[in-house]
Every structure is written in structure tokens, then in C-alpha cells.
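Reader: I would like to learn how to read the features of a model such as this one, with the cut-offs stated as we go. Could we begin with the display and then take the terms in turn?

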Amino acid sequence: GVKLLLHGLCSNTTVKSLDLKGNNLRTMGAEALGKLLRQNKSIRSLILEWNSLGVWEEGFSFFCQGLGANNFLQRLDLRNNQINHQGAGELALALKQNASLQELDLRWNNIGLLGGRALLNCLHSNKTLKRLELAGNNVPSDILKAVEQAMDHNQDRQAILRETQNRTYILSKEVSSLKDEKTKQFLDLMDTIDKQREEIARSGRMSAARVSQLQEALDEQHSIMNSLKAKLQMTEAALALSEQKVHSLGELLNATKQEQSSMAERHFTELQQQKQEGADREGKLLRDLSAASEKNLLLRNEVGRQDQLFQVKQDLTNTTAELKLRAVQAEERLEMEKRRFKQSLEDMESLRLKEVDHMTQHIEASERSMQDRIQRLEAIRIALEEELSRVKAAALTERGQAEEELIKVRNQARLEEQQRLEHLEEKLRLMTESRDEAQNCCLRQKEMVAEAQAKANQLSLHADGLRRRLEELQQDLNSKEEEKVTEVNKVKVELQEQIGHLQAERTAQEGLREKIAALERQLKALSSNHREALLDKEGEISMLLEKLRMKEADISRMREEEAQRASFLQNAVMAYVQGSSLGTYSSRK
């Protein structure tokens, strides 16, 4: 049953403690336990009290081999397992290989002197075992003291190792924390430097954008001024063209007037005899027309002189357009009058040839028509003079308004340019101040970086001091180990002296053995006498043994409840057996 149970636990990874106390485990159980210790990696505590593992040497050696191969078990209880000095030697070999066992309980076995020595020798190589119980094994007190000293030495060593590990862990944590702080400080400084650089770049970009905007505004103003200049040039060119057209129209009018005068002169030459008075009147009218034309030319020349302002020239273009229209209308009227005059001349010629008698009437009618035409021309001239006066007054007023507007526009442009220049100067001043502040911040950051480097150097010096402290502690540990080695050598010397004393005791024991042999001879003689009685009693003993076998099961059940009583009874029985002569007989049996 135990074999199947242990076979199932070989692959288990959750069981931490196993208690097989009082299960009468022997050869098969010891082999199964050895296999379990080789394969299982989770069991930390194994209790095997009140078994018989040490009776069969082969099974117990297999168990010890499994213990030597195991590196996870920490507590092993082997009390009351009938382990002798050979089994203790196997355990000593296993303990030399094992590096995890901390507690081993071997009380109430038969280890003896040789087993105690083997266990003591193995403790020089095993440095993990903290507790080794050897009470009730007939082990001398000096070996027990040496074992206790070895346990104390292992405990001290492990405590020192723990302290050193804790110190190194704490120091490594401090060093790592210092490194983290340094890296954090350095990263913070780099972040602040990057942020300030970004702010400086942003301010530079903003200032460049503002300067570009201002430059674009200035370029727009320049373009606007150029466009205005171009418009002025275009208007001047249009005015010049309009003046040329007006001049050409004036020439046409003069030509037409000359033609009219020539036609009138011809007509007057033909009719000089008949209409001298009409010729005089027509001459007067022509003089008046020439004077009016001269006045018109003078007015047009005066209007042509006023070509400096933009809006006045536009008005002049409008007036010239109106004058063109009126000139066209006058030309049409003149053409109509020419046609009518030609028709009248034809009529006159026809009437002169046909009707000489009616000439006087026709002359009177022509005189009337000429007077009407002269009146119409005079009305047209008066209207034109009034329109020219009005246009001149409007041109003067518009010229004054245009000059005022130009002055206002120039003043506004100058003020805007001055304001923009002041704004630009303020921006430049702010930019210079921000640049100076950025330079100051950079200098401060450089100082902070220098301080951080100084702190880093201090921390590195502090870390070097801590390393030196660690080296000093390591040297102290080495010195303590050397002192312990010297103590161990002293203990070895004492043990050698004790071995000499033991050899002397061995010689004394040999003499005692000779005496014991003589006593055995006497006992043999007595046994020959009592052999018959013993044969009779052997039958009774066999019966008793059967009864004992029947009761062993009940006793195994009661062992757990009466462990303390059994220990006291065992001590009493052992004392009684050692003191009586029946003990030798029972041991031989």
C-alpha cells in the first residue's frame, strides 16, 4: 500500500508535508521512499517515526541515495527506526551530497560511537543543516558537543550570509534608487531644456510669422499705391485722349464754322446787292460766334489745365462725354441746317431764275429764318456758358474736396505707418527681451546641469564608499571564516587527543573482553546444564511470540496516544536490560 501511495506522489506538485509515522515500513518502503525523494520536488517535510527502515541495510542505503539526490526536502524525522552505525554512515554520505536539508531527527536509534563520528565528519562538508538530534543513540557526549558546535557554526554562517545578502540587497536597492533618481533628474532637465528650446523656436516662428505678415501688409500697401499710381496714369492718359478729342472736335467746329462762313460769304457775295443789311447782320453774328468759340476755347483750355486730381479728371471725362454728345447733336443740327440751307439756296436759285419778282419776299423770309437761327445759336451759347460755369464751379469744389481727401488719406497713411512702425519696434523690443530671457534660462539650465553632474559625482563617490564598505565587510567575513577554521583545527587537535584517550580505553576494553570470554565459557557450562529446561520454555516462548504478534497491531494503534509513556518505558526497559544478565540472552536471540 505504501509503495502505491509513494508511486502516486512521485509526480505530485502540491503536497508539502508527508507523515508516515508508525506504518512498519521496511525494505520495500525504504526503496519506494528513495524513489520518491529522487523524483518529487514539492515535499518539504517527511516524518518517518516508529518504522523499521534501518533493519535492512540495502533498502536503507537506497533511501539514503535518494536523500542525497534530493535538493528540496528541509525536515526529516527518523526517530525509532533501528538505525545502526552502518546506516548512520550511509546517512553521512547522503548529507555530504544534500544541500537543502535543515533539520534531521535521529533520536532513539542505535547509531553508537562509529555512527556519531561518521555524522560529525559529514558536517564539515554540509553547511545547510541547522539541527541534528542524536539523543538516545549511545553517542558520547564529546561527539554530541562537537555536533552542537558544528550546528551553531552552520547557524552563524547562515545568519551572516543572510545579513550579507540583506545588506547587499539593500545596498543594491539604494544604488538602483540613486541611479533612478539620477536618470529621472537628468530626464527632467532634458525635458525642461527641450521645452524651453521648443518655446524659443515657437517664439521665433511667431516673430517670423508676424514679421512676414507685416512685410506682406507693407507689400500690399506698396501694391495698392502702385495700382493707384497706375490708375492715375490711366486717368491722365484718358484725360489726355479726351483733351485731344475735344481739340479735334474744336478744330472740326472751326472747320465747320469756316465752311459756314465761306458759304455765307458766297451767299452774301451773290446777294450783296440785294441784302447788304442782312450781310452786315450775318457778319455781326459770325463775329459773335467767333467770340463765343474763342471763349469756349479759353474755357476748355482752363479746364485742360486742371488735370492734377483724380476725381476732377473723371468729372472732366464725364463733361467731355456730354460735350461730345452735344457736339454730335450740334453737328447733326448743323447738317440739318446745311441741308435746309442748300435746299433754300436751290430754292433761291430756282426762284431767282423763275421768280425774280418774289425775291424780296424770300429775302425777308430768309432774314427771319436767319434771325431765328441766330437766336437759337445765342441761346445754345448762353446755355453752354452756363453749363461751363457750373462745371467749372463743380470742378473747383470737387478739386478742393479731392485735395482735402488726399490730405486726409496721406495723414491717415502716415499715422498708420507710424503706428505700425511703433508696433513693430515694440515687437522687436519684446523679441529681444524674450531672447535675452531665453539666454538667461539656458544659462540657468546649464548651471542646473552642472549642479546635477556635481550631484551625480557625489553620488558616485558615495556608491564607491558603499562598495568599499562592502569590501571591508567581505574582508571581515573572510577573517571570521579564518578564525572559525582555526577553531575547527583546534577542535580537530582536541578530537585527536580524545582519540588517543579512546585508544587507551580500547586496550582496557580488550582486557574486559577477555574476562567476558571467560565468563561466557562459564555460561556455556551453565547453559548445557539448563538446556533441557530451555527447550521446554522455548515452546512456551513460541506461544508467547504468537500472542505478541497478535497484540502488535493493537500496540501500533496505541503508540500514537502513548508515545510519551512508551519513551519512559523504553528508557526503563533499556536500563533494566543493560543491568541484568537476561539482556545478553535476549540480544543473542
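Author: Let us start with burial: a residue counts as buried under 20% relative accessible area, as exposed over 50%, and as partly exposed in between, using a 1.4 Å probe and the protein chains only. This is a predicted model, in which local features need pLDDT of at least 70 and side-chain atom pairs count only at pLDDT 80 or more, while totals for chains, interfaces and linings use all residues. Residues are numbered from 1 along each chain as its sequence is written, and side-chain values use heavy atoms, with hydrogens and water left out.

Reader: Which residues are linked in a network of salt bridges?

Author: In general, side chains of opposite charge can pair when their charged atoms come close. A salt bridge here is a side-chain nitrogen of Lys or Arg within 4 Å of a carboxyl oxygen of Asp or Glu, and the network links Glu49, Asp77, Arg79, Asp105 and Arg107. Arg79 meets Glu49 at 2.8 Å, N to O, and the two, 30 residues apart, sit in loops, Arg79 between β3 (75-77) and α4, Glu49 between β2 (45-47) and α3. Both Arg79 and Glu49 are buried. Arg79 also meets the side chain of Asp105 at 3.5 Å, N to O, a pair 26 residues apart in which Asp105 belongs to strand β4 (residues 103-105). Helices (H or I, at least four residues) and strands (E, at least two) are DSSP runs, numbered from the N terminus.

Reader: Is Asp105 buried or exposed?

Author: Asp105 counts as buried because its relative accessible area is 11%.

Reader: Which residues have the most contacts inside the largest nonpolar core?

Author: In soluble globular proteins, nonpolar side chains tend to be buried together. A nonpolar core is a set of buried Ala, Val, Leu, Ile, Met, Phe, Trp, Tyr and Cys residues joined through side-chain atoms within 4.5 Å; the largest has 45 residues, and Leu33, Leu48, Phe63, Leu76, Leu78 and Leu106 have the most contacts inside it. With contact meaning heavy atoms within 4.5 Å, Phe63 touches residues including Leu33, Leu48, Leu76 and Leu78, leaving out those up to four places away in sequence.

Reader: Where does pLDDT stay under 50?

Author: Where pLDDT is low, the predicted coordinates should not be read in detail. pLDDT, the predictor's confidence in each residue from 0 to 100, stays under 50 over residues 581-589, whereas the chain has a mean of 79.
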